[in-house]
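This report concerns a structural model and the way in which its parts are packed together. Please consult the sequence and structure shown below.

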Number of protein chains: 2
Amino acid sequence: MGRTSDARERMLDAACGLIRERGYTGVGVAEVCSAADVRKGSFYHFFESKQALTREVIREHWQTQRARWVAALSGPGAPLDRLEALFAMQVDDIRAEHASAAINGCLFANLSLELSTQDATIRADLQSIFDEQAALVAGVLDEAAADGSLTPDGTTAELAGAMLAQLEGAVLFAKLRNDAAALDGLWGQLRRLMH
Amino acid sequence: MGRTSDARERMLDAACGLIRERGYTGVGVAEVCSAADVRKGSFYHFFESKQALTREVIREHWQTQRARWVAALSGPGAPLDRLEALFAMQVDDIRAEHASAAINGCLFANLSLELSTQDATIRADLQSIFDEQAALVAGVLDEAAADGSLTPDGTTAELAGAMLAQLEGAVLFAKLRNDAAALDGLWGQLRRLMH
């Protein structure tokens, strides 16, 4: 039966929504099962623990996002145009979230601030994701440096880190104010960081 | 007796430490009382709820920080030197935290990402604090614009918001990596945002 065979996927979807909304500590296994319409007894058939479920939520979410990042960054345009498209995509996601509900922000940033001092395993997962994000951005900055459209002050790795920090700080304020307008000036700010 | 009369202060201190470490949801009233060496029965003599305690933690923490912000920003130096001193103070705080323990980051940012979608009252408290921070920074940017040391592209309010976003994003990465080095380039990044 469909309902049984996709129980794992339903639990992952439910957990992703709940954790983005209320964080790791605020969500319980029983609640995930109830939202996914799965009997609680089945949970441990699929996941060892809430931590294991959350790691899988993080992994799947990044897998989806990563494909979109790679698509945006490997298009045919000039390097800085592709970077602009990437950050515009982030802003559009927040705007879409804002239009349909409250802004929950970035799953990875939310969990970074919640769990970094508490869960070394999840923290390592999140570090890898932000490392990959920084490497993807730095790769395009390298292309821009090579074609002369960018003359970075320091390393492109440092610049990529600063750009992601600007993004995450802006997303934080968008969530705090439940207002996507906090992201309106983002590309202008990132351009200034690059020059 | 000292132990009794300062019970409220001890609960606030304990709660501030615990909440910075583990967030709002992860900390219970019983734990705060135990850490503060106060009988649980006394808690509700001082605070209506965990929310009320947390609001007071936030208020007191900002009262202390605000005095330091005002002191850093109203010194005798040039406006941009005072701004640099303010951000250096933030970085030094994280470095000191790193030297003595794990980096818990910014109480206000942590609670913003944890609670913005869940607690409208605490969220309003946090919004006011970040509004005040932005106004303090914008005031010094206005001084810099007036004396010609800064020619802002947009409004100084927008620029102040972007600078605070850069700070909070960098603090997020410092916490994620438990490494204050994530903040090494901060002033250089803020200078680029200003120019």
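Predicted model: local features only at pLDDT ≥ 70, side-chain atom pairs only at ≥ 80, totals over all residues.

Residues are numbered from 1 along each chain as its sequence is written, chains are lettered from A in the order in which they are written, and side-chain values use heavy atoms, without hydrogens and water.

Helix α6 of chain B comprises residues 79-100; helices are DSSP runs (H or I, at least four residues) numbered from the N terminus. Its buried residues (under 20% relative accessible area, 1.4 Å probe, protein chains only) include Leu83(B), Leu86(B) and Phe87(B). Among the elements covering them are α5 (50-73) and α9 (156-177) of chain B. Beyond four places in sequence, Phe87(B) is in contact (heavy atoms within 4.5 Å) with Met163(B), Leu164(B), Leu167(B), Leu186(B), Trp187(B) and Leu190(B).

| Quantity | Value for chain B on chain A |
|---|---|
| RMSD | 0.0 Å |
| Turn | 180 degrees |
| Shift along the axis | 0.0 Å |

This is the relation of a two-fold axis. The same surface serves both copies, as 100% of the contact residues of chain B recur in chain A. In the interface, 38 residues of chain B are in contact with 38 residues of chain A. Asp131(B) forms a salt bridge (side-chain nitrogen of Lys or Arg within 4 Å of a carboxyl oxygen of Asp or Glu) with Arg177(A), the closest N and O atoms being 2.9 Å apart.

Notes. Helix = DSSP H or I, 4+ residues; strand = E, 2+ residues; numbered from the N terminus. Expected span 1.5 Å × (residues − 1). Buried < 20%, exposed > 50% of the residue type's maximum accessible area, 1.4 Å probe, protein only. Least-squares fit on C-alpha atoms with pLDDT ≥ 70 in both.
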